[in-house]
Amino acid sequence: MTSVNLSTKAIPNWCPGCFNFMILAGVKKFLSNKIKSEKDKKDWAIVAGIGCHAKIFDYLNLNGINSLHGRVLPTCLGMKIAKPNLNLIGFSGDGDAYAEGMEHLIHMARYNSNFKYLVHNNQVFALTVGQPTPVTEKGFKDKSTPLGVKLAPINPIRLMLAAGASFVARVYADVTQIEQVLEEAFKHKGFAFIEVLQPCVIFHPDVDYKKHTYTLTNHNKSSFEEAMKKASEFDYNTINDSTKIPLGIFYQSEKPVFEELI
Ligand SMILES: Cc1ncc(C[n+]2csc(CCOP(=O)(O)OP(=O)(O)O)c2C)c(N)n1
Ligand code: SF4
Ligand SMILES: [Mg+2]
């Protein structure tokens, strides 16, 4: 552990019980093992979008850019082109990543820039009081959509696999899971897509993902077909007694890194 101060003076103002607290704690635990002195901090940076997830930017005492909604990925890419050795983590919400930022997400799988990307998926636009996003389940109602969502959600894990991402993982908003997946992601050379199931206790409170999750074991993460098969087990739409949500690294492969090609 380190004596480096990773906390800013800002007091987190997420709702009591918000799982963003777990993500923050997991990220800090990971960073505290990597950053041993104040001087080391210059090698690290963070980027966040706009939303509840993005407040993490205010609480982590690191350099970076609090970017625009949906623009975390091009911001990260620019930073990596300017400083290829920077250890960089991007933070998005599901709205940020899969709605406003969708086009960047697909291209980043192709570019394979060497940074790590956490998507806090609470299946709603939480900061703007809970409107549905592209991953909200069919039938979900709120004031903006009183007759309920009519479309099935996208499956971001399948999408990232199809787009050619070289590291595709999903974890629950749990301190140890976050720390461990970041550890693996930073060993990976390239873009690491990590989705975090992060229940929003206010605007999407009824989903008990956790009791349906299980950890991928004996899974061949170099097999694209295996990864697709596992990714298809959960459709982000239905949660019933037989629902199973696999967690872990679905897929990992080697591929050229954009900033090294240029
Ligand atoms: C281009 C743009 N569109 C819309 C908004 C309004 N807006 C701010 S936060 C937000 C919701 C963010 O949702 P998500 O990315 O899922 O993050 P969460 O709040 O759920 O963590 C929206 C729609 C904005 N700031 N900029
Ligand atoms: S609205 Fe939801 S995501 Fe935002 S701080 Fe509250 S519980 Fe967390
Ligand atoms: Mg959200």
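Before the details, some conventions: residues are numbered from 1 along each chain as its sequence is written, and chains are lettered from A and ligands numbered from 1 in the order in which they are written. Since this is a predicted model, local features need pLDDT of at least 70 and side-chain atom pairs count only at pLDDT 80 or more, while totals for chains, interfaces and linings use all residues, and side-chain values use heavy atoms, with hydrogens and water left out.

Let me start with the ligand. Of the 16 residues around ligand 1, those that come nearest are C52, H53, G95, D96 and L127, where a residue counts as near if one of its heavy atoms lies within 4 Å of the molecule. As for polar contacts, which here are pairs of N or O atoms within 3.5 Å, a backbone N or O atom of C52 lies 2.8 Å from an oxygen atom of ligand 1, a polar side-chain atom of D94 lies 3.0 Å from an oxygen atom of the ligand, and a polar backbone atom of A126 is 3.0 Å from an oxygen atom of ligand 1. Taken alone, ligand 1 exposes 590 Å², of which the protein buries 73%, with areas from the Shrake-Rupley method and a 1.4 Å probe. Two or more residues of the shell come from each of α4 (94-100) and β5 (124-125), and the largest share, 4 residues, is that of α4; helices here are DSSP runs of H or I with at least four residues, and strands are runs of E with at least two, numbered from the N terminus.

Staying with C52, this residue is buried at a relative accessible area of 18%, buried meaning under 20%, exposed over 50%, and partly exposed in between, with a 1.4 Å probe and protein chains only.

N20, in helix α1 (residues 20-34), is buried at 1% relative accessibility. Leaving aside residues up to four places away in sequence, N20 touches W14, C52, H53, H120 and Q198, contact meaning heavy atoms within 4.5 Å.

Now to the helices. In α5 (residues 102-111), M102, L105, M108 and A109 are buried, and they cover an arc of only 120° around the axis, which puts them on the same side of α5; the arc is that of the directions from the helix axis to the C-beta atoms. Their cover includes α3 (72-82), α4, β4 (116-121), α6 and β8 (192-197).

In α8 (residues 224-231), the buried residues are A227, M228 and A231. Seen down the axis, they fall within an arc of 100°, so they line one face of the helix, and they pack against α6 (156-162) and β10 (245-252). On the other side of α8, E225 and K229 are exposed.

Finally, the backbone. Most residues other than glycine have a negative phi. Just after α5, however, N112 takes a positive phi of about 55°.

Notes. Polar contact = N/O pair within 3.5 Å; in protein donor to acceptor, adjacent residues only side chain to side chain.
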